[in-house]
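Please look over the sequence and the structure first.

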Amino acid sequence: MAGGYMGKLLFVDLTTGKIKEETPGESLYRDFIGGYGIGARILYSRQKAGADPLGPENTLGLITGPLTGTPATFGCRWVAVSKSPLTGGWGDSNCGGYFGPYLKFAGYDGVFISGVSAKPVYLLIDNGKAVIKDGSHLWGKNTLETEETLEAEYGPEARAICIGPAGERVARLACIINNRHDTAGRAGMGAVMGSKRLKAVVARGNMKVPLADPGAADMLRKEHIAEGKEWFARFGIYGTASHAADSAHSGDSPVKNWGGVGAIEMPDNSGLNKEIVRAYVDKRGGCWHCPSACKATLKMGPPEFPYPVGAQRPEYESTAAFGAMCLVTDYHAIILANHLCNLYGLDTISTGTAIGFAMECFEYGIITKKDTGGIELTWGNAEAIPAMVEKIARREDIGDALADGVRITAEKIGRGAEKYAVHIGGQELGLHDPKSGGFMVYRGKPMMAMYQMDATPGRHTTGFGPPQFMGYVLNAAGVCLHSNIGITDPHKYLAGFLSAVTGYRRSISELEKAGERIGNMRHVFSLREGDVPIKRFVHPRIAGRPPFKEGPLAGVTVDMEAQAY
Ligand code: SF4
């Protein structure tokens, strides 16, 4: 067996309680690398087409890559995969934190969970042994309480992923949390976990990940850190939201539910300034062994937005979702909304987008204070943002529909609401406007973010071609995307680490071929479910139809058909 892999996968059926360990053939690892590559291959071959995403036949995979838990820089990632309850097609969500490395230290490259438990449970994976445990005492707890309870039971060397109350209520916007605030947010993975009555998965162990050439891996790590140190440090100081204020005015962030121009609708964006946010920082932090450590916890919030010490600094996407999308510039409101999403286990991108959509419905009288439970859901109302997060998490009033995303809400309430439900194929989008271009960069060349061509729609990618194929390899390998920032030739490090860790010596073109295979496998899963990328619904605002008359994106229309082709 190549280095980087523990060589074992775990299969758990929560209906029967059966747990099975498998040792896959080497070709699975070589051809599909890890993460969502292995996930797509396994789910395509073992799961029947047409499974209900929230039923027992759907499988939830939690899978690491060969570089996860190794000296490879930024090698901390794991991926949750499943049929998505938002889109009905392939779904995956990439996450950092600590769970991925610890799953490998516990002896497994991945775990695949099917069935539905009759009562709340959690899965304990402890140094090569797995057992399903009663989770009744965890059910109803928020994610922080759940992690603290499990740490008290299993010690600080155990690392858990879990769902919060939103996942228990099978909200399609629910996410999976680990390390308090690191989230597998996209594609409704928390709803899948909740539908199985699986509250948490705990990994504990002290096994070592085998390395083909540890000396080469160490040398490459030093070289990578030396080359990227300026950018890695900058990310660490300001976090990913450092450009949130600029993006709100440049056309990068969608504004007012994708329908507004930042400089006109929210001329004063100073509340999102990176130095203001920096002043709130209490402690810096990051994922397992990360040289950038782009996370931070914050000091206590003001009385009107009472988040506690230790609340997380919001990422860019969360800031844009609760900020520019809703015309809110009070950072304290954004922090509190983000904090509540972490506690309840909600995806911030979709939740912020759902609130922006509801604000527009409120503006046009499609919903009223009767639907919002008395909340004045007007644009820019900072107090309304955390209040609406509470409604969504508890499935109260209009929050009950919004908990399943904008498409389902529009279908439920009717009255023309679908006009304002901005999504691609059922999922709300990441917060970089494809009309602005230039956010995605491949080998120094700016590219438009393309949202409809990923197997998990709504994710900003570089389309479906060689630039994205290497992105698939990076994700499948278990590395954070930020490892590329400020690096002249990121492929050198990715290929170098894969070679040093696994022992497979592959050229860039061979890796691109593996990436293409992974991309195809994910798409093939979706195609079998009837989710065809070129036929997906794309809300006209995303493409600029009609184009803006003013602002930096005036007159810009994205040729989505050409992208799809
Ligand atoms: S750069 Fe940030 S998100 Fe990426 S691994 Fe490091 S701490 Fe985690």
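The model is predicted.

**Helix H12 and helix H15**

Two packed helices are described by the angle between their axes and the distance between the axes. Helix H12 covers residues 331-344 and helix H15 covers residues 384-394. Their axes lie 8 Å apart, and the packing angle is about 15°. Angles under 35 degrees count as roughly parallel, so H12 is roughly parallel to H15. The crossing of H12 past H15 is right-handed.

Which residues of H12 and H15 make the contact? On the H12 side they are Ala 333, Leu 336, Ala 337, Leu 340, Cys 341 and Tyr 344. On the H15 side they are Ile 385, Pro 386, Val 389, Glu 390, Ala 393 and Arg 394. By class, the residues of this contact between H12 and H15 are 10 nonpolar, no polar and two charged.

Asn 342 is another residue of helix H12. Asn 342 has a relative accessible area of 6% and is therefore buried, since the limit for buried is under 20%. Apart from neighbours within four places in sequence, Asn 342 is in contact with Thr 143, Ile 177, Arg 180, His 181, Thr 183 and Gln 312.

**Helix H18 and helix H20**

The second pair consists of helix H18, residues 466-477, and helix H20, residues 508-528. Their axes come within 7 Å and cross at roughly 80°. Are H18 and H20 roughly parallel or roughly perpendicular? Angles of 65 to 115 degrees count as roughly perpendicular, so H18 is roughly perpendicular to H20.

H18 contributes Pro 466, Phe 469, Met 470, Tyr 472, Val 473 and Ala 476 to the contact. From H20 come Ile 508, Leu 511, Glu 512, Gly 515, Glu 516, Ile 518, Gly 519 and Arg 522. The contact of H18 with H20 divides into nine nonpolar, two polar and three charged residues.

**Two isoleucines**

Ile 276 sits in helix H10, which spans residues 274-279. With a relative accessibility of 30%, Ile 276 is partly exposed. Beyond its neighbours within four places in sequence, Ile 276 is in contact with Ser 270 and Gly 271. Ile 276 and Tyr 331 are 55 residues apart along the chain, and their C-alpha atoms are separated by 8.6 Å.

Ile 398 is placed in the loop between H15 and helix H16, residues 399-402. Is Ile 398 buried or exposed? At a relative accessible area of 7%, Ile 398 is buried. Not counting residues up to four places away in sequence, Ile 398 touches Ile 367, Asp 371, Thr 372, Met 388, Thr 409 and Ile 413. The C-alpha atoms of Ile 398 and His 181, which are 217 residues apart along the chain, are separated by 26 Å.

**Cysteines**

How many disulfides does the model have? The count is zero. For Cys 361, the closest cysteine sulfur is in Cys 326, at a distance of 12 Å. A disulfide needs two cysteine sulfur atoms within 2.5 Å, so the sulfur of Cys 361 is too far from that of Cys 326 for a bond. Cys 361 is buried, at a relative accessible area of 1%. Cys 480 is also buried, at 10%.

**Backbone features**

The peptide bond from Arg 545 to Pro 546 is cis, and its omega is near -5°. Pro 546 lies in the loop between helix H21, residues 540-543, and helix H22, residues 560-564.

Ile 33 is not a glycine, yet its phi is positive, at about 65°. Asn 127, also a residue other than glycine, has a positive phi near 50°.

Notes:
Residues are numbered from 1 along each chain as its sequence is written. This is a predicted model: local features need pLDDT of at least 70, side-chain atom pairs count only at pLDDT 80 or more; totals for chains, interfaces and linings use all residues. Side-chain values use heavy atoms; hydrogens and water are left out. Helices (H or I, at least four residues) and strands (E, at least two) are DSSP runs, numbered from the N terminus. Buried means under 20% relative accessible area, exposed over 50%, partly exposed in between (1.4 Å probe, protein chains only). Contact means heavy atoms within 4.5 Å. Axes are lines fitted to C-alpha atoms, for helices over the stretch in contact, and angles run from 0 to 180 degrees between N-to-C directions. Angles under 35 degrees count as roughly parallel, over 145 as roughly antiparallel, 65 to 115 as roughly perpendicular and the rest as oblique. A crossing is left-handed if the near helix is turned anticlockwise from the far one by less than a right angle, and right-handed if clockwise. Ala, Val, Leu, Ile, Met, Phe, Trp, Tyr, Cys and Pro count as nonpolar, Asp, Glu, Lys and Arg as charged, and the others, Gly among them, as polar.
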